[in-house]
Amino acid sequence: MAKTPSLKQHYSVLIIGAGINGCGTFRDLSLQGVDCLLIDKGDICQGASAAPSRLIHGGIKYLETREFRLVKESAMERNRLLRNAPHYVKALETVFPSRSWFAGLVPAALGFLGFNPPIRKRGAILIELGLRIYDFYSRKVQVLPDHYSMNTARLRQEYPALAPDLMAAGVYCEGRVSHAERLGMELVQDGLAANPASALRTYMAVDGRPNGKVLTLKDQISGETHAVTADVVINAGGAWIDKVNAGMGINSQHMGGSKGAHLIVKNAALYEALKGRMLYFGTSDGRFNLIYPFFGNVLVGSTDIPCKDPDLAHCSTEEADYLLDAVRQILPGVPVSRDDVVLTYCGVRPLPRAEGKDIGAVTRDHAIGQNKLPGTDIPVLSLIGGKWTTHRAFSEQTADAVLALLNKPRKLSTEDMAIGGGRNYPKGDAARTDFIARLAKELAVPTQQATILFERYGTTALALKDALSGTGSTPLASLPSYCVGEIAWICENEQVRRLADLVLRRTVITMEGLLTSDVISETAEIAAKTLGWDAKHKQAEIAFAEAEMAKRSIRNTRPEKAAA
């Protein structure tokens, strides 16, 4: 195992929180030549950044709250991610059905007159108007085609299982991110490669209040501590921002989180009924919900419930039942039950505090809160809001604020910069075929295996050449689609510290519904050998990974009040 470089005593910027906002900011600042230390009490993208709807979307629903700037930014950033991360961000055709022609027009008009009535139903005309605005905002960075409409006859022909009262649909394209956690990890790796003076430490947290300008950091696994100073502190703790600030002696009230739960459902009839598209629809309570194909299963989301303590967030029994009922409302002809749910997951959106406001109406825009480290002039910038789609723009805004504080210029833009395995990505089917053929030759693996590796890692798959030599290409006995050298390479090169990092975030084994006790045992054996764990350490990691998986089981959902 490669030795991790020692930490310095001083960094220009300390970033607390390795969610998507922290990862993106770390990359941007490192590219500008700023030395940064990125820490997280857990793994990279372990919190809310591991629990999104996995959409890279322009935010059509934000039109209802008249956040036109956010819609424009989201649409452009979605299109940039489709270009910059083509290995993980793909186009997803979306069907937005309606149950009437005129519903929603009156409350939408009243909204422009300064009133704010909720829009509970969206008719075909309102959807058409919204999609035209959506198309307009997408054209500055054009990647996806404009929308089109389905009349009743075509909708019935293509989707016979849909609810019978649905009469028309708008069809448009969004983006989906197949492996969000790896994309976050690649942002960090890009930053480390660009600036060797920057550093990452997972499972490390601020330990107690600062001693003057000195912050003590404690490793949550080894217990070791390290004293560090910084010119600027960035709190990218997401829904935990106020807790992190309180730990440093700062009294802030920036955050007001919203819990979002999702289900991964294994149901062949449901999968086939979607025809490869996402259904994006309103339910009887006025919320937006979604269903789309995901690694051979179906992803169903999501709830939107106020949550005061992110540490207590879980997918409740009520949420699981609500999401399954949403499926039944839109596709009554497809039987679906709790027995079909292979995985649940839940995260808390880092929304700004908005006391007394309906949670669905709270902005999804981003902002920077400013405080000072107590008794010092060291700025503490809190990253409020944000989402996967707009992370680059928010990171750019944050980096510019930091550069101004450090009196340093911006050296380059990340607007058109490829991420990780998206660099030198083949364009078009012919180029893709040629790259896979080259990959198969260089890695000495069959074309089918090369295709799988390309889909998992993009152009980074070329780096697996040495790992797959000799016995490295031996398939796992418990999961033949992965091989021994591949798992070892991930452990060696991708900041894996716990078995859960490997099976929950560096791979999609869990999301595919393929994580069994045999897979956990076999991957633990490879991780132990690669990372130098003894038998006791290995068993502890197996127990921890199994406990983390148990939290995600539909059998372990509990009533909402149980979290209080």
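This is a predicted model: local features need pLDDT of at least 70, side-chain atom pairs count only at pLDDT 80 or more; totals for chains, interfaces and linings use all residues.

Residues are numbered from 1 along each chain as its sequence is written, and side-chain values use heavy atoms, with hydrogens and water left out.

**Cavities**

- On a 1 Å grid over the protein atoms alone, a cavity is a set of points where a 1.4 Å probe fits but cannot get out, and lining residues have an atom within 4 Å of a point; grid points are joined across faces, edges and corners, and a volume is the space filled by probe spheres set on the points.
- By this rule there are two cavities of 30 Å³ or more, and the largest cavity has a volume of about 100 Å³.
- The largest cavity is lined by 14 residues, of which Arg27, Leu187, His391, Arg392 and Thr414 are the closest to its centre.
- Two or more residues of the lining of the largest cavity come from each of α1 (20–31), α2 (68–84) and α10 (391–406), with α2 giving the most, four residues; helices (H or I, at least four residues) and strands (E, at least two) are DSSP runs, numbered from the N terminus.
- The lining of the largest cavity divides into four nonpolar, five polar and five charged residues, where Ala, Val, Leu, Ile, Met, Phe, Trp, Tyr, Cys and Pro count as nonpolar, Asp, Glu, Lys and Arg as charged, and the others, Gly among them, as polar.
- The second largest cavity holds about 80 Å³ of space, and among the residues lining it are Arg78, Tyr134, Asp135, Ser138, Tyr172 and Cys173.
- The largest share of the lining of the second largest cavity, three residues, comes from α4, and by class this lining has five nonpolar, three polar and three charged residues.

**Second largest pocket**

- A pocket is an open set of grid points with protein on both sides within 12 Å along at least five of seven lines, and the second largest pocket has about 1,500 Å³ of space.
- Of its 47 lining residues, Thr4, Pro5, Leu200, Arg201 and Gln495 are the closest to the centre of the second largest pocket.
- The largest share of this pocket's lining, five residues, comes from α6, and the lining as a whole divides into 20 nonpolar, 15 polar and 12 charged residues.

- Helix α4 has 15 residues and reaches 21 Å from its first C-alpha to its last, close to the 21 Å expected at 1.5 Å a residue, the expected span being 1.5 Å times one less than the number of residues.
- Buried residues (under 20% relative accessible area, with a 1.4 Å probe and protein chains only) of α4 include Tyr134, Asp135 and Ser138, and the buried residues of this helix pack against α2, β4 (89–98), α3 (105–112) and β6.
- Eight of the eight residues of helix α14 (residues 499–506) are buried, so α14 is largely enclosed by the rest of the structure.
- The buried residues of α14 pack against α6 (180–194), α13 (484–493), α15 (517–531) and α16 (535–551), contact meaning heavy atoms within 4.5 Å.

**Nonpolar cores**

- A nonpolar core is a set of buried Ala, Val, Leu, Ile, Met, Phe, Trp, Tyr and Cys residues joined through side-chain atoms within 4.5 Å; in the largest, which has 107 residues, Val13, Leu29 and Leu499 touch the most other members.
- The largest share of this core, seven residues, comes from α15.
- A second, separate core of 32 residues includes Ala163, Leu166, Leu263 and Val327.

Technical notes
Buried means under 20% relative accessible area, exposed over 50%, partly exposed in between (1.4 Å probe, protein chains only).
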